[in-house]
Amino acid sequence: MPQEEVVLSLISHTNVGKTALARTLLREDIGEVADSAHVTTIPEAHALIEAPSGAVAKLWDTPGFGANLGKLAKRLRSSKNPIGWVLHQVWDRTQDKSLWCSQEAIRHVQKETDVVLYLIDGSQDAEQLPFVELELEVIAWIGKPTLVLLNQTGDAPPEETQKAEQKWREKLADLSHIHGVTTLDAFTRCWTQEHLLLEKATQILEGDKRKAAKELTNALAERNLRPFRESCALIAQFLIETASDQEQLKPQPITQKLKNLITKNRNDAELKEVQTRMQERVAKRTADTVNHLIELQGLAGETASELAKASQEQFDVKREVEEPLIAVIGGAASGLLGGIAADLIAHGLTFGGGAMVGMLLGATTSYSLAKGYNLTQAGSNSVRWTFSQFSMQLQVMLLLYLAISHYGRGRGIWQDPTRTPQLWESTIRDLIGQSEKDWQRLWKKLDLEKGENAETKPKLLGDVKKDVQSLLEEAFTRIYPESKNLFG
Ligand SMILES: Nc1nc2c(ncn2[C@@H]2O[C@H](COP(=O)(O)OP(=O)(O)O)[C@@H](O)[C@H]2O)c(=O)[nH]1
Ligand SMILES: [Mg+2]
């Protein structure tokens, strides 16, 4: 018996973004994307996902409806059999390209499609898109159930996209073949939203097709969850390495430490070396992790973030901090150096063109944050990142992961973000704040357990991965409440 197929077809007015969305969903650079009409001229099938039962979801990219279809509106609406009429016309592929493409799209939908995915440019008002009504009427004449997808909405806040969706819902309320209006931007959608297409198809289809659509929904969810889990493990590894990263200082008599402190010696060569090494490591670690996350998400390209080589000025030792003498005598001088290292990263972490990272660090880190840190280092002659810096790196990494999760392959090669939506920032900050004690515990543990051995490491990695994963699951659930079921 042939395996069940669920056929989804991307249809829209030409140049709205079908091929771009297909690329995003398939994680593959199929077809050609360009800002001009009829770049795609022949319908093309691609396997979106296969279920363990062998059922397949096919995604078709099509030529879309041409601008000239509107000129036939009167003729079509007065015809007893408008679809039959269109299909019997002989239009020349080059001379009447617009009509020829429309005919191809109609023929395809009639013959192949289970559910039409009809794209509308969500950045436009309905009045600016007079052709939408006729195109949806044509699909209704063919008799195929349709989901309306709004794209080109960018990263507008949820209230705005909901408002746009509502407007279209009201406008299309009389069309009984429309089974829903949702936003799915090929450039800025989140992977957590993709399986909802098949979930919707499950509600629309019947019999064996419905059963297959349900299996395929689960299979697509799993395809997307696998890299998510791997990403959480990578982030956990990054955090463990960051928290355990240390630099040993040359032993120094306490009198020398005091002298350095009091004379505000700005040319401490050893300190500069230590800072350079710490910074180079964090730069490499961040770039490696981000590149791996990009790859896991099925994107092309890599981060431009060679973390800026700190200039002489950035290495300037800042000793304006009023440190009580007692703290210094108590052996906290090396701790103060840690504070300086914290300061360094605040000023030194800039991502190529992506101002986001620099902005985040700049906004939340001040020298005073480093002040409370130093006593944790008492008795040790090493430097490590302060907790506030560790926590900042956690925040930056989680926000970068969200940016990667939203970046659709249809948008092209990965580019570092220059800003992040306010909702992501507030959500991540809030969730880190809620679990701060856990992160603090981890950070402390990794100072004490410098002698982490091969047996304890996998367990620690597993625990941290679990924490990262539940934080991100909660973040996704807050940002996309409709995707809640994804995380069981
Ligand atoms: N901002 C934004 N632009 C898009 C999106 N999808 C497509 N585009 C752009 O719209 C143009 C047409 O895209 P394409 O996929 O070739 O449209 P098609 O003719 O419907 O296949 C291209 O310049 C794309 O870069 C989207 O979701 N958001
Ligand atoms: Mg196309």
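Which helix gives the most to the shell around ligand 1? In this predicted model, the answer is helix α1, residues 18-26, which supplies three residues to that shell. The shell has 20 residues in total, and Gly17, Thr19, Ala20, Asp35 and Ala186 are the ones that come nearest to the ligand. If you sort the shell by residue class, you will find seven nonpolar, 10 polar and three charged residues.

While you are at α1, follow the chain onward to Arg27, which sits in the loop between α1 and β2 (44-50). The backbone deserves a look here: Arg27 is not a glycine, yet its phi is positive, at about 60°. Arg27 has 17 other C-beta atoms within 10 Å and is therefore partly exposed. A second residue of this kind is Gln152, again a non-glycine with a positive phi of about 60°. You can find Gln152 in the loop between β5 and α6 (158-171). Its C-beta neighbours inside 10 Å number 18, so Gln152 counts as partly exposed.

Now step back to the whole protein. It contains 18 helices and eight strands. Of its 488 residues, 43% count as buried. Sequence separation is worth a look too: among contacts between residues at least 6 apart in sequence, 77% join residues at least 24 apart.

Seven of the 10 residues in α7 are buried, which leaves the helix mostly covered. The buried set is His195, Leu196, Leu197, Leu198, Glu199, Lys200 and Ala201. What do these buried residues of α7 pack against? Their partners are the strands β1 (5-12), β3 (56-61), β4 (115-121), β5 (146-151) and β6 (178-183), together with helix α8.

That last partner starts a chain of helix pairs that we can follow one by one. Two packed helices are described by the angle between their axes and the distance between the axes. For α7 (residues 195-204) and α8 (residues 207-244), the axes come within 8 Å and cross at roughly 170°. Angles over 145 degrees count as roughly antiparallel, and α7 and α8 are therefore roughly antiparallel to each other. The crossing of α7 past α8 is left-handed. On the α7 side, the contact is made by His195, Leu198, Glu199, Ala201 and Thr202. On the α8 side, the residues are Arg210, Ala213, Lys214, Leu216, Thr217, Leu220, Ala221 and Asn224. Taken by class, this contact holds six nonpolar, four polar and three charged residues.

Moving along α8, you come to its packing with helix α15 (residues 387-406). Here the angle is about 160° and the axes are 10 Å apart. This pair, α8 and α15, is therefore roughly antiparallel as well. The crossing of α8 and α15 is right-handed. From α8, the residues Ser231, Ile235, Phe238, Leu239, Thr242 and Ala243 meet Phe390, Gln393, Leu394, Met397 and Tyr401 of α15. How many charged residues does the contact of α8 with α15 have? It has none; the class counts are eight nonpolar and three polar.

Stay on α15 for a moment and look at Ser388, which is found in this helix. Is Ser388 buried or exposed? It is buried, because 21 other C-beta atoms lie within 10 Å, and a residue needs 20 or more to count as buried.

The crossing of α15 and α16 is right-handed. In this contact, Ser391, Leu394, Gln395, Leu398, Leu399 and Leu402 of α15 meet Trp424, Glu425, Ile428, Arg429 and Ile432 of α16. The residues of this contact fall into seven nonpolar, two polar and two charged.

Technical notes
Residues are numbered from 1 along each chain as its sequence is written. Chains are lettered from A and ligands numbered from 1 in the order in which they are written. This is a predicted model: local features need pLDDT of at least 70, side-chain atom pairs count only at pLDDT 80 or more; totals for chains, interfaces and linings use all residues. A residue is near a molecule or strand if its C-beta atom, placed from the backbone, lies within 6 Å of it. Helices (H or I, at least four residues) and strands (E, at least two) are DSSP runs, numbered from the N terminus. Ala, Val, Leu, Ile, Met, Phe, Trp, Tyr, Cys and Pro count as nonpolar, Asp, Glu, Lys and Arg as charged, and the others, Gly among them, as polar. Axes are lines fitted to C-alpha atoms, for helices over the stretch in contact, and angles run from 0 to 180 degrees between N-to-C directions. Angles under 35 degrees count as roughly parallel, over 145 as roughly antiparallel, 65 to 115 as roughly perpendicular and the rest as oblique. A crossing is left-handed if the near helix is turned anticlockwise from the far one by less than a right angle, and right-handed if clockwise. Two residues are in contact if their C-beta atoms, placed from the backbone, lie within 7 Å. A residue is buried if 20 or more other C-beta atoms lie within 10 Å of its own, exposed if 12 or fewer, and partly exposed in between; C-beta atoms are placed from the backbone.
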